[in-house]
Amino acid sequence: MLFSLRAEDPAVRKWTPRRRDRFDFKHENQNRLLFFRGQKVGTVDLPRRALVTGITGQDGSYLAELLLSKGYQVHGLVRRSSLSSQSRLSHLCHQTREERLKLHYGDLADGSGLTNLVLDIEPDEIYNLAAQSHVRTSFDKPVYTVDIDALGVLRMLEATRQLSKHRPVRFYQASSSEMFGNSKEALQNESTPFRPRSPYACAKVYGFHQTVNYREAYGLFACNGILFNHESPRRGETFVTRKITRAVGKIREGLQKTVLLGNLDSRRDWGFAGDYVDAMWRMLQQEIPEDFVVATGTTHSVRDFLELAFHRVGLNWQDYVEHDPRFLRPTEIDVLQGDATHARQKLGWTPGTSFEQLAVMMVDADWKLARDEKFLASAPRFGTQKMENDF
Ligand code: NAP
Ligand code: GDD
């Protein structure tokens, strides 16, 4: 007799991965056909499980939100540190029941730890977003960057390959438009040659090719998303857009006087991170694994972003920006502009946020943050004042 279980059944919720080992699943849309010792015994409507490395980062937090909204059980890889790095996830930790969002310590430097974790969680989908993601920093820390951004991808692919021997699994690699370097083509798409110009970009090219090779050599369902720059109010504060919008808010509130920047002429294809994680998910829902460029198709200079950001709070950027050669790079990419036709046609993906909307969204969030900081700074600080009678 065939039986049917639903995800919320206590019997299913209590199933640990090890107890699942004795069963074999075959996917049929959201349902899984359940086999026990080779015999079909029923269907189980289990929530799909995703593992996200880099879940504490900008993209990881938006992707976790998206996956949870689609009913996934989300597992996140978190680096152990003395202070919590979960500020971008705290709203999810409060809103989400423990069974839906689970965080695990791990590091892309630790191959056996990654394999154990992947085999233990048995995810249906793996999103490898973890990286030393700062291009300027990669010139100062090239070996570390290559270890995490190149070999780290290989470690994740190996872990995924081990799991794929037992059950189906799909793999997403966070590749980057940095790989194109100073391209000879005005618009970059999936067939544009790579000309990397930083240790970061060289490492990403390695990760890209390994991902393709695992697809071709082992038949792994593995995709590269070649994403152009994407930003948000959750962007790290040392990337240029967020550095600018943080400064705009603070300057407007009198908390900062100037902002020091490097090359204002470089041009990037800037989109909104919330739109881009949807493209990642769509890639892993395809019948056949492929690589996709994700971009808005427009390009703007750092100067254009300054213009919009300062204008939003009624200021002129030229009065506040100073040049600092420390923020120049030994090799720079002058222009990036992507052609996401393939993603539009195959994935039905289009960007939903314009450059102007993105700048306004980021400035408004950082202006509010600066107002809150100003308020907190003006409030009496208990416990920091030295007491007269404190011996
Ligand atoms: P991000 O905000 O810098 O986040 C990077 C994430 O990786 C963080 O969660 C970080 O953890 C984690 N991480 C760093 N080193 C690690 C290690 N050794 N082991 C485990 N985790 C580690 O980057 P993002 O903007 O979200 O970008 C996500 C991915 O997309 C990255 O691979 C990036 O290179 C790539 N990408 C980004 C863009 C973009 O414009 N944003 C464009 C193309 C490609 P901590 O929180 O502990 O630091
Ligand atoms: N960070 C930074 N700080 N960049 C500056 C500054 C500054 O003070 N002044 C000018 N820039 C210029 C940089 O030289 C670069 O040309 C441009 O602003 C964008 O720099 P970032 O915001 O640091 O981003 P990125 O383009 O180098 O790299 C980002 O996008 C890649 C995709 O193309 C990162 O998110 C990478 O991880 C990602 O792969």
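Entry one, helix packing. I first needed a definition: an axis is a line fitted to C-alpha atoms, for a helix over the stretch in contact, and the angle is taken between N-to-C directions, from 0 to 180 degrees. I also noted that the model is a predicted one.

I looked up helix H11, residues 302-312, against helix H13, residues 355-378. Angles under 35 degrees would count as roughly parallel, and 65 to 115 as roughly perpendicular. H11 is therefore oblique to H13. I then checked the hand of the crossing, and H11 passes H13 in a right-handed one.

Entry two, the ligand. Which residues are closest to ligand 2? I found Ser 176, Ser 177, Tyr 200, Arg 329 and Glu 332 listed as the closest, in a shell of 24 residues. I sorted the shell by type and got nine nonpolar, nine polar and six charged residues.

Next I looked up distances to oxygen atoms of ligand 2. A polar side-chain atom of Ser 177 is 2.6 Å from such an oxygen. For Ser 266, a side-chain N or O atom also lies 2.6 Å from an oxygen of the ligand. For Arg 235, the distance from a side-chain N or O atom to a ligand oxygen is 2.8 Å.

How much of the accessible area of ligand 2 does the protein cover? On its own the ligand has 720 Å², and the protein covers 96% of that. Last, I noted which elements give two or more residues to the shell: helix H9 (240-252) and strand S12 (259-261).

Definitions and conventions
Residues numbered from 1 in each chain as written. Chains lettered and ligands numbered in written order. Predicted model: local features only at pLDDT ≥ 70, side-chain atom pairs only at ≥ 80, totals over all residues. Heavy atoms only, no water. Near = heavy atom within 4 Å. Polar contact = N/O pair within 3.5 Å; in protein donor to acceptor, adjacent residues only side chain to side chain. Areas by Shrake-Rupley, 256 points an atom, 1.4 Å probe, with all protein chains shown as cover. Helix = DSSP H or I, 4+ residues; strand = E, 2+ residues; numbered from the N terminus. Nonpolar A, V, L, I, M, F, W, Y, C, P; charged D, E, K, R; others polar. Parallel < 35°, antiparallel > 145°, perpendicular 65-115°, else oblique. Left-handed = near helix turned anticlockwise from the far one by under 90°.
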